[in-house]
Each structure stands twice: as C-alpha cells, then as structure tokens.
Amino acid sequence: MPRPVINYEKLGKYDEVLEICPTQVFEKVNGKIVVKRPQDCIGCRACEANAPEGAITVVDN
Ligand code: SF4
C-alpha cells in the first residue's frame, strides 16, 4: 500500500499539498500538515512531485 512520508525539515511552510492530493490524504492539524488518511493514498505521487525537494516521499509497503 502506498503512503506519503513527510520530512518536516524540508517541508517548511509548504501546504499546497492539501489541494494537490486528489484523495485528501493530508490535513492541517494545529497548523501542521499531517498524513491523516494514509489508507486513501492511491500512489499518484503528485504530492512528492510538487512539494519541495525531499519533503514528501511516497513509500510502498
Ligand atoms: S501519492 Fe497521490 S494520493 Fe497519495 S498522498 Fe500523494 S498526492 Fe495523495
């Protein structure tokens, strides 16, 4: 099952991923982007491609 992993040091203030993810896997909780619904990830990698380099990695396990 694919799921995104966030590297917060590289993510910075980037939060456009909230709109980019087609299945709303991410949510902002107390000002912080979190992987709220990993089970809904379809592995499209749009988050990884659009985030700052290395900020989001989609893993498959
Ligand atoms: S890979 Fe696609 S579906 Fe999965 S979290 Fe990233 S943008 Fe969302």
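**View 1. Phe 26 and Val 35 face each other across a strand pair.** In this predicted model, Phe 26 sits opposite Val 35, a residue of β3. Strands β2 and β3 run antiparallel and are held by four bridges. Together β2 and β3 make a hairpin, with two residues between them. Look in the turn for Asn 30, whose phi is positive, at about 50°.

**View 2. Val 35 and the residues around it.** Val 35 belongs to strand β3. Is Val 35 buried or partly exposed? It has 16 C-beta neighbours inside 10 Å, so Val 35 counts as partly exposed; being buried would take 20 or more. Leaving out residues up to four places away in sequence, Val 35 touches Arg 3, Pro 4, Ile 6, Val 25 and Phe 26. Take Ile 6 from that list: Ile 6 and Val 35 are 29 residues apart in sequence, yet their C-alpha atoms are 7.9 Å apart in space.

**View 3. The shell around the ligand.** How many residues surround the ligand? There are 15, and the closest are Cys 21, Val 25, Cys 41, Cys 44 and Cys 47. By type, the shell splits into 12 nonpolar residues, two polar ones and one charged one.

**View 4. The largest nonpolar core.** Nonpolar side chains in soluble globular proteins tend to be buried together. The largest such core here has 10 residues: Val 17, Cys 21, Val 25, Phe 26, Ile 33, Cys 41, Cys 47, Ala 51, Ala 55 and Ile 56. Some names come back from the other views: Cys 21, Val 25, Cys 41 and Cys 47 are among the residues closest to the ligand, and Phe 26 is the residue opposite Val 35. Val 17 is a handy place to start, as a member of this core. Setting aside residues up to four places away in sequence, Val 17 touches Phe 26, Ile 33, Cys 47, Asn 50, Ala 51 and Ile 56.

**View 5. Two loop residues with a positive phi.** Gln 24 is found in the loop between α2, residues 17-20, and β2, residues 26-29. Its phi is near 50°, which is a positive value in a residue other than glycine. Gln 24 counts as exposed because it has 11 C-beta neighbours inside 10 Å, and the limit for exposed is 12 or fewer. Now move to Arg 45, in the loop between β3, residues 32-35, and α3. Arg 45 isn't glycine either, and its phi is positive too, near 65°. With 14 other C-beta atoms within 10 Å, Arg 45 is partly exposed.

**View 6. Stepping back to the whole chain.** What pattern does the chain follow along the sequence? It reads β-α-α-β-β-α-β, with three helices and four strands. The radius of gyration is 10 Å, close to the 10 Å that the globule rule gives for 61 residues, so the chain is as compact as a globular protein of that length. Along its principal axes, the C-alpha trace spans about 25 × 20 × 15 Å. Of the 61 residues, 18% count as buried. Among contacts with a separation of 6 or more, 56% are between residues 24 or more positions apart.

Notes: Residues numbered from 1 in each chain as written. Predicted model: local features only at pLDDT ≥ 70, side-chain atom pairs only at ≥ 80, totals over all residues. Near = placed C-beta within 6 Å. Nonpolar A, V, L, I, M, F, W, Y, C, P; charged D, E, K, R; others polar. Contact = placed C-beta atoms within 7 Å. Pairing = 2+ DSSP bridges. Core = buried A, V, L, I, M, F, W, Y, C linked by C-beta atoms within 7 Å. Rg over C-alpha atoms; globule rule 2.2 N^0.38 Å.
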